[in-house]
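Open the model in your viewer and keep the selection panel at hand. This tour goes stop by stop, with something to pick at each one.

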Number of protein chains: 2
Amino acid sequence: IDLYLVGVGTVGNELLSILGESNQDQICLKGVATSKKMLLSESCFDPNKIGNKLKESGDKFDLDEFLDNTGEQKGNKVFVDCTASTAVSQKYTAILDRGFSIVTANKIANTLDYGFYQSLRENASKNGVSFFYEANVGAGLPVISTMQNLLSTGDKIISIEGVFSGTLSYLFNTLTAKMNFSELVNNAKSNGFTEPDPRQDLNGLDVARKLLILARETGAELELEDIIVESLLPTGSESIDSVDGFLKHLGQFDGEMRVKVKEAEAQNKRFRFIGKYEDENASVSLQKIGREHPFYELQGSDNIIAFRTRRYPNQPLVIKGAGAGAAVTAAGVLGDIQQCLVSN
Amino acid sequence: IDLYLVGVGTVGNELLSILGESNQDQICLKGVATSKKMLLSESCFDPNKIGNKLKESGDKFDLDEFLDNTGEQKGNKVFVDCTASTAVSQKYTAILDRGFSIVTANKIANTLDYGFYQSLRENASKNGVSFFYEANVGAGLPVISTMQNLLSTGDKIISIEGVFSGTLSYLFNTLTAKMNFSELVNNAKSNGFTEPDPRQDLNGLDVARKLLILARETGAELELEDIIVESLLPTGSESIDSVDGFLKHLGQFDGEMRVKVKEAEAQNKRFRFIGKYEDENASVSLQKIGREHPFYELQGSDNIIAFRTRRYPNQPLVIKGAGAGAAVTAAGVLGDIQQCLVSN
């Protein structure tokens, strides 16, 4: 298959490096682009060298041109999206119509309005191509594929519950009553564990998007607005100009947070930021859980997901592990690309 | 694809019932057999009716005849093995040579000598057909596929650790110092949670077979004899004629077991029967583990597996859930059949 990659940030770069390392002789890299530049070739690029080459000598990026150059092949072209771009996502239907399969780490397309969500699947099916997005939830963890397999073999989902944000997992797995929450956030930011602006983690929207993707997988015609989201941002946080200003503001609530955590510790309970879908209700909120809960022992920045289904009714099917980071996300993307090899 | 099913016990029967329930219009059931009888058809059988039909009117089973009847199609015939038969397993290479893909719940083929193990893969590849066995470990849990995906995307396995037997999971998740081990085994047997002869669970061989399958997946040229297996059977158990006689014999060791469990409880530890592969060493043994161990909170008859890999080095990738039972096993088999639909 011929590969066309858009987005050469941490994930895209890591994907190129895994491709370079492995001898993927069935995968031919024919195009690479960032939001500004692009490189196209009739033969296969060396994934190890293309990153620098692109910086030095790429043409100006133009999506249409990027797609036009791909000749007449059908069913063996894969468009890989490692950007976080809404503009690129909105072109997916057109890209599928041009005979590309799509593999994406970008969550936007699957969380736009339901009509668009459906048209992605219809266009893929109509054109006999694939649309894969394993890295949308839990990075390289087998979350989407497991769910699709449960459903396609006739199982019924009763509930989906998970900690879907590596950042929020880390914060609440680490927080004790002896710490200032704002300091913990600040340190996490310094170590690169949060978005450059931690409000993008703390507002719960990233978790809501992932929950939406999973809920829609069950057939639910849900919109992002239908999800009840408990933001962890104190009132007024969003209007503060600077990140430093926000962290200072957050510091005002350290006492309040400490009281809550102290209370939980006294009850042998822990806080976890949990997304849950059950009985057509989707919510994202901070939960105080006890030792009996499968998420109690969660550690580090791990993601965890528990599916209760008709076949796994009491003890859920649980998947746990690192759900963020360049290497595991790129592995999720590469797994999907390999799936295109067998599917098309 | 045309489906040829051998074995209509609990799993085979459940598979027929899932096939009957779902509208799998791409799957045409053309043959069904037990060790004694078989039924073949030019058109598609109704999976809901074939079980009874076979009992009433099947011809005498003959594997060659069963396979001969399948005409000239290539690449779209799937042979499904839901038996526990060694004789059937030994025919796999020949079956692959006849252009069938194989989907199996039967662990035997993957645990015979390494030369045979390799020839299975070579014959599948040579003939352009598939060989799938997800249900070999953890029933419907995505264990084999996850491991294959890790490896094919360039990850390296550091260690594999798991509780792979639903029966032994149940026994040690339930056992307390207040119980007699032999009584617990007896009750489990009465409830159908063990093999008809519980010695087949307690000797650790089933766990060793599963560990072997996983270890070989990493490329290890391991034989079943290379695995160090701690049998839970007291000396002399194997030579006892009757199951009742064995359970009485086992009762002599209840006191000893109670002392061990009491000691573990005093240390806040628990017993788990764990298979482990690391640094080319494979072992199966009863382990006393503490609260920090990911298997401490295991409940019911759940299986659990933890992969430490280059990409999941400290916090392992963990999969947990029911790993035995007709419904989840048949789901694992059906998932593989559907994989044949996209692969061939």
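A cavity here is a set of grid points where a 1.4 Å probe fits but cannot get out. Keep in mind that this is a predicted model.

**Stop 1: the cavities**

How many cavities of 30 Å³ or more does the rule count? There are two. Begin with the largest cavity, which has a volume of about 40 Å³.

Select A:Val137, A:Gly138, A:Leu141, A:Val143, A:Val163, A:Phe164, A:Asn303, A:Ile304, A:Ile305 and A:Ile319. These residues line the largest cavity. Now colour strand E12 (residues 302–309) of chain A. With three residues, this strand supplies the largest share of that lining. By class, the lining has eight nonpolar residues, two polar ones and no charged ones.

Move to chain B for the second largest cavity. About 30 Å³ of space lies in it. Pick B:Val137, B:Gly138, B:Leu141, B:Val143, B:Phe164, B:Asn303, B:Ile304, B:Ile305 and B:Ile319 to show its lining. Strand E12 (residues 302–309) of chain B gives the most here, with three residues. Seven lining residues of the second largest cavity are nonpolar, two are polar and none is charged.

**Stop 2**

Next comes the second largest pocket, with a volume of about 1600 Å³. Which of its 50 lining residues are closest to its centre? Select B:Lys107, B:Glu195, B:Asp206, B:Ala324 and B:Gly325.

Then show five helices of chain B: H1 (10–21), H8 (166–174), H10 (199–202), H11 (205–217) and H14 (326–343). Each supplies at least two residues of the pocket's lining. The largest share, four residues, comes from H11(B). The lining of this pocket divides into 19 nonpolar, 23 polar and eight charged residues.

**Stop 3: where the chains meet**

Show both chains together. In chain B, 35 residues are in contact with 35 residues of chain A. The two chains bury about 2800 Å² between them, 49% of it on carbon and sulfur atoms. Which residues of chain B lose the most area to chain A? Select B:Arg311, B:Tyr312 and B:Gln315. Together they account for 19% of what that side buries.

Now look for pairs across the interface. The rule finds two salt bridges between chain B and chain A. For a salt bridge to view, select B:Arg310 and A:Glu21, whose side chains meet at 3.4 Å, N to O.

Highlight H1, helix H7 (144–152), strand E13 (317–322) and H14 of chain B. Each gives at least two residues to the side of chain B that touches chain A. H14(B) supplies the largest share, nine residues. That side of chain B divides into 14 nonpolar, 14 polar and seven charged residues.

**Stop 4: a salt bridge in chain A**

A search of the whole structure finds 26 salt bridges over all chains. For one of them, select A:Arg98 and A:Asp64, whose side chains meet at 3.3 Å, N to O. What does this pair tie together? A:Arg98 lies in the loop between helix H5 (92–97) and strand E6 (100–104) of chain A, and A:Asp64 lies in helix H3 (residues 63–68) of chain A, so the pair ties together parts that are 34 residues apart in sequence.

Notes: Residues numbered from 1 in each chain as written. Chains lettered and ligands numbered in written order. Predicted model: local features only at pLDDT ≥ 70, side-chain atom pairs only at ≥ 80, totals over all residues. Heavy atoms only, no water. 1 Å grid on protein atoms, 1.4 Å probe; cavity = no way out; pocket = protein on both sides within 12 Å on 5 of 7 lines; lining within 4 Å. Points joined across faces, edges and corners; volume = space filled by probe spheres on them. Nonpolar A, V, L, I, M, F, W, Y, C, P; charged D, E, K, R; others polar. Contact = heavy atoms within 4.5 Å. Buried area = accessible area lost by both parts, 1.4 Å probe. Salt bridge = Lys/Arg side-chain N within 4 Å of Asp/Glu carboxyl O.
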